[in-house]
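Please keep the sequence and the coordinates at hand while reading.

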Amino acid sequence: IAFRAVELEKLAERPEVLDALALARALLNPYDRVAWLGVLRAPWCGLSLTDLHALTSVDHAESMARPVPDQLVERADLLGGEGRLAVKRVLRAISFAGTQRFAQPTAALGTWLEQVWLRLGGAYCVDAGARANLDLLWRCLDSLPNGEQDLLSRALDAALEDLTASPDPAAENDCGVQLMTIHKAKGLEFEVVIVPELQAQTRRGAKKLLSWLEHGLAASDDSDEPTEFLVAPLQSKGADRGIAKEWVDRVCREREKQEIRRILYVAATRAREELHLFARPAYKIEADGSLALAAPRESLLATAWPALEGEMRKRFDKWRASQPAAVKPKEATVITAIAASESDNLFVMPSAPQPALLHRLPADFQISPDGISASAPDGAGMIRENAEWLYPRHEGGMLSRALGVAVHTLLQELATLRETQPWEGARAALHRREPRLCAQIRARGVDPPQARHIAAQALQIALTASRDAVGAWILSPHAEAGSEIRWAGVVDGSLRTVQVDRMFRAGPEPRAEGDIAWWIIDYKTAHADELDPETALPELRRLFGPQIEAYAAVLRNLQGPDAEIRAGLYYPRRMQFDWWPIQPHAK
């Protein structure tokens with residue numbers, strides 16, 4: 001029966017979240033053996049305990065001082081056939097993680113980790129509910145102010161403290177089972193309400209050094225205080241409680257009992273049609289060996305005992321008659337099958353739940369470079385939800401995103417200024433926009449010193465791009481030119497909205513005469529200045545190429561399937577331009 005658990009389970013306690021955090025710690029620390037064992041045991045690898053023992057049983061002082069990935073490469077031959085295939089898949093994903101970090105050095109932690117998780121095949125190991133929990137985790141990691149440093153500190157625990165697991169999406173709000181605390185149910189109504197475990201003891205108040213009562217005054221005294229306090233201190237060890245302490249404790253206990261009554265009232269009044277109360281009361285063994293029902297204490301059952309005692313004793317007598325006379329437990333226990341309800345039916349509590357199964361990817365599971373499985377196991381395919389995500393858009397940290405937005409804004413304004421002014425006038429006008437740009441960056445939550453630094457850096461990048469031959473060509477006036485253009489169109493049978501950084505008609509090659517080709521340019525700023533173009537540009541084209549392919553598909557819907565289209569990735573921080581023709585899809 002599908003059910004929605006409303007804010008009951010901590011996000012940090014979910015197994016899929018624990019696996020993802022182990023992956024993050026393993027990637028950031030190649031010497032963290034515990035994290036690496038968690039990665040190898042997780043469903044995307046699923047090494048058996050025998051294989052894990054084979055990997056670790058040969059450890060000695062020298063090997064433990066070496067990175068775990070190096071040890072995996074050396075000891076892969078010690079594993080069985082399936083284990084070797086699984087470890088190779090993990091090592092390929094780890095290699096991809098390094099490449100991805102190299103290509104996007106300022107990417108936010110959660111965004112980067114999700115890409116590695118997809119490459120491991122993690123999306124095939126979870127259902128829709130677990131995937132929703134992981135989406136919460138990615139966003140939480142993206143929001144960590146210090147990124148990787150916070151992952152290894154108490155900042156992560158603080159960020160996850162108030163996050164709860166998402167309810168099961170298969171259970172509908174209007175027709176399904178909802179599991180929640182009585183406090184959470186306050187103000188709601190349901191056709192059927194089930195309250196289990198009435199006998200569970202409520203949490204007792206902690207022993208306090210000072211106990212006090214607050215009493216409101218009808219009129220303020222000379223000190224103008226609206227209340228007065230009666231404070232009773234804890235007595236020294238071995239001393240009797242004072243009269244004040246005893247009286248205050250008694251009043252506090254009575255208040256707790258009233259609170260329990262209120263909670264039971266709230267639970268009982270949530271039902272519109274049926275209310276089911278379940279309880280397993282305790283019993284005790286008398287001196288003659290007979291079984292006797294024990295009066296409940298400090299529980300919802302104790303609160304309802306005056307109304308339910310007669311029904312409980314009748315059912316207890318019936319249960320006791322069915323028990324063997326030789327059964328004489330040494331200590332009090334609980335009845336395993338008894339319930340209190342309005343009817344005469346005897347409800348038997350279910351047996352222990354079945355153990356959870358480990359969902360493990362098959363040994364021959366393969367993942368393609370785009371993150372889609374080439375051999376998806378039956379019943380999985382959760383990653384296909386990401387097939388709707390046409391391209392992985394980079395999302396760096398807050399400062400990186402602020403810089404990227406600032407550069408895009410200045411390049412857009414520079415292109416607009418060039419429509420009416422020469423380059424020198426456009427650059428001078430751009431200088432005057434710096435204070436306004438700084439205010440826009442501050443509005444994104446950046447403190448003033450950093451906002452001024454980012455604005456100055458973005459202005460310098462834009463001005464440098466305007467002096468670059470290719471950059472000046474991109475920003476110059478062209479036929480049907482536009483910046484930050486938004487389109488909506490149908491791509492692969494679905495409606496998509498895209499935004500193009502720069503588009504115009506020009507010659508078939510950069511800086512060539514004519515207007516026979518449509519150029520779609522995307523600016524990329526979130527990359528380190530020291531990237532080697534010979535090795536980095538092909539990898540970056542593979543990452544961002546699908547993004548422009550999506551733009552081109554919408555453009556062909558507007559301009560016809562035979563439109564000549566050129567794609568370009570411009571890196572203003574490096575003044576590098578990578579371009580290629582986009583061929584129309586075969587009919």
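A residue is called buried under 20% relative accessible area, exposed over 50%, and partly exposed in between, with a 1.4 Å probe and protein chains only. By that scale Glu 214 is partly exposed, at 47% relative accessibility. The structure is a predicted model, in which local features need pLDDT of at least 70 and side-chain atom pairs count only at pLDDT 80 or more, while totals for chains, interfaces and linings use all residues. Residues are numbered from 1 along each chain as its sequence is written, and side-chain values use heavy atoms, with hydrogens and water left out.

Glu 214 belongs to strand β4, residues 210–216; strands (E, at least two residues) and helices (H or I, at least four) are DSSP runs numbered from the N terminus. Although Phe 229 is 15 residues away from Glu 214 along the chain, the two C-alpha atoms are separated by 4.7 Å. Contact means heavy atoms within 4.5 Å. Beyond residues up to four places away in sequence, Glu 214 touches Thr 227, Glu 228, Phe 229 and Arg 255.

The interior comes next. In soluble globular proteins, nonpolar side chains tend to be buried together. A nonpolar core is here a set of buried Ala, Val, Leu, Ile, Met, Phe, Trp, Tyr and Cys residues joined through side-chain atoms within 4.5 Å. The largest such core has 52 residues, and the members that touch the most others are Leu 23, Leu 27, Trp 44, Leu 47, Trp 117, Leu 137 and Leu 141. Helices that each supply at least two residues of this core include α1 (15–28), α6 (81–103), α7 (109–120) and α8 (128–142). Leu 137, apart from its neighbours within four places in sequence, is in contact with Leu 11, Val 17, Ala 20, Leu 21 and Leu 160. A second, separate core of 39 residues includes Trp 423, Leu 430, Ala 465 and Ala 472.

A salt bridge is a side-chain nitrogen of Lys or Arg within 4 Å of a carboxyl oxygen of Asp or Glu, and the whole structure contains 19 of them. In helix α12 (residues 300–321), Glu 311 and Arg 315 are 4 residues apart, so about one helical turn separates them. Their side chains meet in a salt bridge with an N to O distance of 2.6 Å, and Arg 315 counts as buried at 7% relative accessibility. Helix α12 also holds Asp 317 and Arg 320, 3 residues apart and separated by about one helical turn. The closest N and O atoms of that salt bridge are 2.8 Å apart. Arg 320 is partly exposed at 33%, as is Asp 317 at 37%.

In helix α14 (residues 423–431), Arg 427 and Glu 424 lie 3 residues apart, about one turn of the helix. They form a salt bridge of 3.0 Å, N to O. Here Arg 427 is buried, with a relative accessible area of 9%, whereas Glu 424 is exposed at 59%.

Finally, the surface. Leu 179 lies in strand β2, residues 177–179, and is partly exposed with a relative accessible area of 43%. Together with Phe 3, Leu 8 and Val 177, Leu 179 makes a nonpolar surface patch of about 330 Å². Patches are made of residues with over 30% relative accessible area and no salt bridge, like charges being joined within 9 Å and nonpolar side chains (Val, Leu, Ile, Met, Phe, Trp, Tyr) within 5 Å. Accessible areas come from the Shrake-Rupley method with a 1.4 Å probe, and for residues only the protein chains shown count as cover.
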